[in-house]
Amino acid sequence: MHIWVDADACPVVIREILFRAAQRTGLSMTLIANHPLKIPPSPLIQFMQVSHGFDVADNEIVDRVTAGDLVISADIPLAADIIAKGAWCLSPRGELFDKNNIAARLSMRDFMDTLRSSGVDTGGHKSFSHKDRLNFANQLDKLLQSATS
């Protein structure tokens, strides 16, 4: 398993959890973003900077991911592409996207996008919380345990 991180919008606290997890498990990880990021010195952790543009980082992840890999992203269309390739996708809030829930998540995303484009205030995303961080860490641990056992 390789861990891919859609790092443009990934909270710093989640990146730090991932850095520790890579070191603990020995799994390699690549962060992909369109702006420079600081990463700890480690042969397990790589950073790839891509050009600015719509979905450039997402497309790079889709091109590189293979079945059994883990992608960290809150991007629902990216999650659908990842799942179609046989990989796992975990949001920074700890929601595991899979074949059973991705169609409903895509439908809801499209519905909310339609509402926003017609001028309806949908309230946006809630603030990232301590509970979100714990949910992510717990779900990540479960995935990594199953991958490394």
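Reply: Start with handedness: a crossing is left-handed if the near helix is turned anticlockwise from the far one by less than a right angle, and right-handed if clockwise. Keep in mind that this is a predicted model.

Me: What is the handedness of the crossing of helix 1 and helix 5?

Reply: Helix 1 and helix 5 make a right-handed crossing.

Me: Which values describe how two helices pack?

Reply: Two packed helices are described by the angle between their axes and the distance between those axes. In this model, helix 1 and helix 5 (residues 130-148) pack at about 25 degrees, and their axes are 11 Å apart. Angles under 35 degrees count as roughly parallel, so helix 1 is roughly parallel to helix 5.

Me: Which residues make the contact?

Reply: From helix 1 they are Val13, Ile14, Ile17, Leu18, Ala21, Arg24 and Thr25. Helix 5 contributes Arg133, Phe136, Ala137, Leu140, Asp141, Leu144 and Thr148.

Me: What does helix 1 lie across?

Reply: Helix 1 lies across strand 1, strand 2, strand 3 and strand 4 (70-72), and runs at about 155 degrees to strand 2.

Me: What is the strand order in the open sheet?

Reply: The order is 3-2-1-4-5-6, an open sheet of six strands with mixed pairing. Strand 3 and strand 6 (96-97) are the edge strands, each pairing on one side only.

Me: How many bridges join strand 1 to strand 2?

Reply: Four bridges join strand 1 (residues 3-6) to strand 2, and the two run parallel. Within this pair, valine 5 has leucine 31 as its bridge partner, and isoleucine 3 stands opposite methionine 29.

Me: Where do the side chains of a regular strand point?

Reply: In a regular strand they alternate between the two faces of the sheet. In strand 2, Met29, Leu31 and Ala33 point one way, while Thr30 and Ile32 point the other way.

Me: Are the residues of strand 2 buried or exposed?

Reply: Five of the five residues of strand 2 (residues 29-33) are buried, so strand 2 is largely enclosed by the rest of the structure.

Technical notes:
Residues are numbered from 1 along each chain as its sequence is written. This is a predicted model: local features need pLDDT of at least 70, side-chain atom pairs count only at pLDDT 80 or more; totals for chains, interfaces and linings use all residues. Side-chain values use heavy atoms; hydrogens and water are left out. Buried means under 20% relative accessible area, exposed over 50%, partly exposed in between (1.4 Å probe, protein chains only). Two strands pair if DSSP finds at least two bridges between them. Contact means heavy atoms within 4.5 Å. Axes are lines fitted to C-alpha atoms, for helices over the stretch in contact, and angles run from 0 to 180 degrees between N-to-C directions. Angles under 35 degrees count as roughly parallel, over 145 as roughly antiparallel, 65 to 115 as roughly perpendicular and the rest as oblique.
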